[in-house]
Amino acid sequence: MARRPVIAGNWKMHNLQQEAANLTNEIMQALKTEDKEKLPEVIIAPTFTSLYAANKALKDCGCGKVRLAAQNCFYETKGAFTGECSVEMLKDAGCEYIIIGHSERRQYFGETDEMVNKKAKAILANGLIPIICCGESLEQREAGVTDYHIASQITKALRDLSKEEVAKSIIAYEPIWAIGTGKTCDATEANRVIAMIRNTVKGLYDTTTSESIRILYGGSVKPETIKEQMSKSDIDGALVGGASLKADSFAQIIKGAM
Ligand code: PGA
């Protein structure tokens, strides 16, 4: 079963509104001559305050080649939750995807597997697509518990989701030691872990579901690494941090995934 590749840019806490609009326009400019049907699903994830500006730039262009994601959400629908954004609010701001469980959110903001699961449910209930992040630390890798840890994160994140919901979700495998370090995980090893994740999904659901879900690699993805990553059997695309902040490198990654 052919899975459509996904290239998602996680802008993290960068870009004021004007910068976000400019970068969005530059990305679309760089993709101008590309056939929409041949492009991967291209996603950008600006910070909350720049969603409006990025969405406006996307709408003004009208080419439909780039979609919008948020970097986080809260799972309740509304109420006294100071500082949070509901899925409905993010949908209203133009988001079609929401990144959840990123290691930075787990590390600095106490996001747990249970919260990731509640967020995934809220996102899917609103018709959006979760990009569920998982990944091991260097200590876990060295202790030989990578597979156990990742399988546990995925099992908890997907709890009580239907197979239809899981089939349309996206997982991003991001070894923490590879994020923002310039140290990319070897493509063969990344593919091994991603195949293990797919096998975990198969065990929880069935083959149709595990063959449908898109699983991305993230962690120091660069224009030079994408081709080898995309040549692997189970890697369906990339979640890109640093290299998504420049239209030129992000566009090279997108084209490398075609
Ligand atoms: P990086 O970030 O590409 O800068 O390593 C990836 C991520 O955190 O999603």
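How many bridges join strand 7 to strand 8? Two bridges join strand 7 (residues 214-218) to strand 8 (residues 237-240), and the strands run parallel. Within this pair, Gly218 stands opposite Leu239 of strand 8. Two strands pair if DSSP finds at least two bridges between them.

The model is predicted: local features need pLDDT of at least 70, side-chain atom pairs count only at pLDDT 80 or more, and totals for chains, interfaces and linings use all residues. Residues are numbered from 1 along each chain as its sequence is written, and side-chain values use heavy atoms, with hydrogens and water left out.

The protein chain holds 12 helices and eight strands. Helices (H or I, at least four residues) and strands (E, at least two) are DSSP runs, numbered from the N terminus. The radius of gyration of the protein chain, taken over C-alpha atoms, is 17 Å, close to the 18 Å that the globule rule gives for 258 residues, so the chain is as compact as a globular protein of that length. That rule is 2.2 Å times the number of residues to the power 0.38. Along its principal axes the C-alpha trace spans about 45 × 45 × 35 Å.

The strands form a closed barrel of eight in the order 1-2-3-4-5-6-7-8, with parallel pairing. From one strand to the next the twist averages 25°.

Helix 2 (residues 51-61) lies across strand 2 (41-45) and strand 3 (66-70), at about 165° to strand 3. Helix 12 lies across strand 1 (6-10), strand 2 and strand 8, at about 160° to strand 1. Axes are lines fitted to C-alpha atoms, for helices over the stretch in contact, and angles run from 0 to 180 degrees between N-to-C directions. Contact means heavy atoms within 4.5 Å.

Helix 1 packs against both of these helices. With helix 12 (residues 247-256), helix 1 (residues 17-30) makes an angle of about 40°, the axes being 9 Å apart. That makes helix 1 oblique to helix 12 (angles under 35 degrees count as roughly parallel, over 145 as roughly antiparallel, 65 to 115 as roughly perpendicular and the rest as oblique). Leu23, Glu26, Ile27 and Ala30 of helix 1 meet Ala247, Phe250, Ala251 and Lys255 of helix 12.

With helix 2, helix 1 makes an angle of about 35°, with axes 8 Å apart. Here Gln17, Ala21, Thr24, Asn25 and Met28 of helix 1 meet Ala53, Ala54, Ala57, Leu58 and Cys61 of helix 2.
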